[in-house]
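Open the model in your viewer and keep the selection panel at hand. The stops below follow one another, each with something to select.

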Amino acid sequence: MVSLSATTDRWDGVTLVTARLQGAGVAQRVRLANRLDGPVWPPRRNGVPEEGWKEGSYETVVPADQTVAVGYASPAPPTDDPLQIAEQTIVDQRDDHEATTPADVLRELGDPSPPRDAVPIPITEESDGSTQADLAAGPQGTSNGGPPKDGDDADRLSGDPARDPESTRPARAWEPVRGVPGQEMQAQETPCQAPAAVHGWLDTVEERVETAERLAAADTLPEATEALRAAGSLAQAEDLVETLQDEEATLEAIASRADRLAQRSTESDVPLATFERLA
Amino acid sequence: MWRSLAGARAADPVKLCAVVGAVERAYGVVVVDCPAGLRADAGLPLVVASACVVVTTPSEAAIADAMRARELAREFDVGLVRVAVNRAGSDPPTERVADLFGAPAVPISEAALVEQAQSSGQPLRSLAPDSMVRKRLAELARAVQSCNA
């Protein structure tokens with residue numbers, strides 16, 4: 001048996017009715033009837049009453065052991081009993097409307113996680129007391145006072161672990177850092193020997209990201225003025241944002257492809273010993 | 001965990017719904033502060049919400065964004081209890097906001113008192129019990145609590 005609780009609120013000459021239908025044990029189709037001494041003003045979207053409202057009554061399905069909220073307005077004065085259940089019948093089949101799952105929401109609305117490159121690299125201290133540069137120039141990332149110098153950038157992916165300031169980075173250039181089951185952060189550094197053209201493009205993108213981060217971090221008018229001056233002009237800042245939006249998609253696509261290739265490379269097991277014997 | 005970029009990236013936003021359910025079973029009432037925007041971090045709490053309060057400021061841009069949030073809540077069939085107009089100033093457009101959103105609007109003025117309460121870590125009921133802003137926030141809380149009655 002579905003239970004109904006309703007309250008009224010008088011606001012500016014209008015009675016607002018708020019009701020809750022609590023399901024019990026089995027899904028039921030319920031029709032509610034207004035008991036206020038006046039017309040029903042149902043909720044509307046683009047001028048059309050919401051689904052379920054018809055001639056002063058409201059029909060809905062209350063799933064088993066779930067709560068359905070209902071609300072409407074009326075010019076009539078409030079009473080203690082504004083609504084009643086006029087009819088309720090057990091629903092034989094499951095309502096054909098599939099409940100929205102969290103995964104559906106993530107799929108439809110998009111992942112809110114910050115992009116990979118926005119996550120700052122933690123600073124670690126080497127055994128000789130030197131510290132590795134923090135390569136992320138975001139507001140949370142730098143503790144050594146600024147972005148890496150040009151020399152550091154050029155060496156970043158050089159493959160030389162001794163000079164490579166990315167020793168705290170995950171193993172591969174595109175190693176995911178997200179804590180999702182199935183993905184793990186690699187603790188050890190693997191030198192990246194990408195072609196110079198790749199380095200150059202990444203360095204250029206990173207400069208744009210650093211500029212965007214400085215603009216985003218500006219909290220006061222002087223900071224905003226300075227950040228905008230560093231970016232060039234408002235028009236250039238707008239171009240920057242547009243370019244970064246395109247590059248973000250490209251970076252994600254490259255990262256995804258690189259992950260797949262790395263996985264395939266790891267899984268491919270070439271039987272060299274066998275080929276040697278056959279040769 | 002959420003208060004750093006690394007934490008935000010490491011978290012699994014889908015699990016928020018289960019977490020809210022667990023907190024509700026333990027404590028009965030859960031209030032979730034949703035971020036602005038229309039991504040899943042704004043939408044996921046709506047999957048499990050019984051009702052919502054939309055917060056805006058009087059500026060046109062903020063109202064336009066808040067309208068989009070209101071539409072998102074509608075998509076998830078989440079009722080709008082009130083619209084809180086923050087930093088409302090001396091002449092808040094309460095009536096216009098109520099017309100636009102289809103729900104009563106509650107102006108929250110006296111921003112300095114609220115900031116003082118936040119920075120000192122004191123509730124308004126201790127810092128300024130007779131202030132108008134405290135009365136308005138209490139009114140907002142009663143409206144939200146009535147949804148759980």
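Buried means under 20% relative accessible area, exposed over 50%, and partly exposed in between, with a 1.4 Å probe and protein chains only. This is a predicted model, in which local features need pLDDT of at least 70, side-chain atom pairs count only at pLDDT 80 or more, and totals for chains, interfaces and linings use all residues. Residues are numbered from 1 along each chain as its sequence is written, chains are lettered from A and ligands numbered from 1 in the order in which they are written, and side-chain values use heavy atoms, with hydrogens and water left out.

**Stop 1**

Select R35(A) and D81(A). Their side chains meet in a salt bridge, at 3.4 Å from N to O. The term covers a side-chain nitrogen of Lys or Arg within 4 Å of a carboxyl oxygen of Asp or Glu. R35(A) sits in the loop between strand 3 (28-34) and strand 4 (44-45) of chain A, and D81(A) in the loop between strand 8 (67-74) and strand 9 (83-90), so the bridge ties together parts that are 46 residues apart in sequence. Strands (E, at least two residues) and helices (H or I, at least four) are DSSP runs, numbered from the N terminus. R35(A) is partly exposed at 44% relative accessibility. D81(A) is partly exposed too, at 45%. Over all chains, the count is 10 salt bridges.

**Stop 2: across the chains**

Now select E50(A), E71(B) and R74(B). What joins these three residues? Salt bridges that share partners make them one network. Take the link from E50(A) to R74(B): the closest N and O atoms are 3.9 Å apart. E50(A) lies in the loop between strand 5 (48-49) and strand 6 (53-54) of chain A, while R74(B) is in helix 4 (residues 60-75) of chain B, so this pair joins two chains. E50(A) is partly exposed, at 24%.

Then take E71(B) to R74(B), with closest N and O atoms 3.0 Å apart. Both residues lie in helix 4 of chain B, three residues apart, about one turn of the helix. E71(B) is partly exposed, at 30%.

Stay on chain B and colour by secondary structure. There are eight helices and three strands. From the N terminus on, the order is α-α-α-β-α-β-α-β-α-α-α. Of the 149 residues of chain B, 32% count as buried.

**Stop 3: aromatic rings**

Select W53(A), Y58(A) and Y72(A), which form one aromatic cluster. Rings of Phe, Tyr and Trp (its six-membered ring) pair if their centres lie within 6.5 Å; planes under 30 degrees apart count as stacked, over 60 as edge-to-face and the rest as tilted. The count by this rule is two aromatic pairs over all chains. One of them is W53(A) with Y58(A), a tilted pair at 4.7 Å centre to centre and 35 degrees between the planes. Are these two residues buried or exposed? W53(A) is buried, at 14% relative accessible area. Y58(A) is buried as well, at 12%.

**Stop 4: a helix on the surface**

Select L272(A). This residue is found in helix 6 (residues 272-278) of chain A. L272(A) counts as exposed, at 54% relative accessibility.

Finish on D246(A), in helix 5 (residues 234-267) of chain A. D246(A) is exposed, at 51%.
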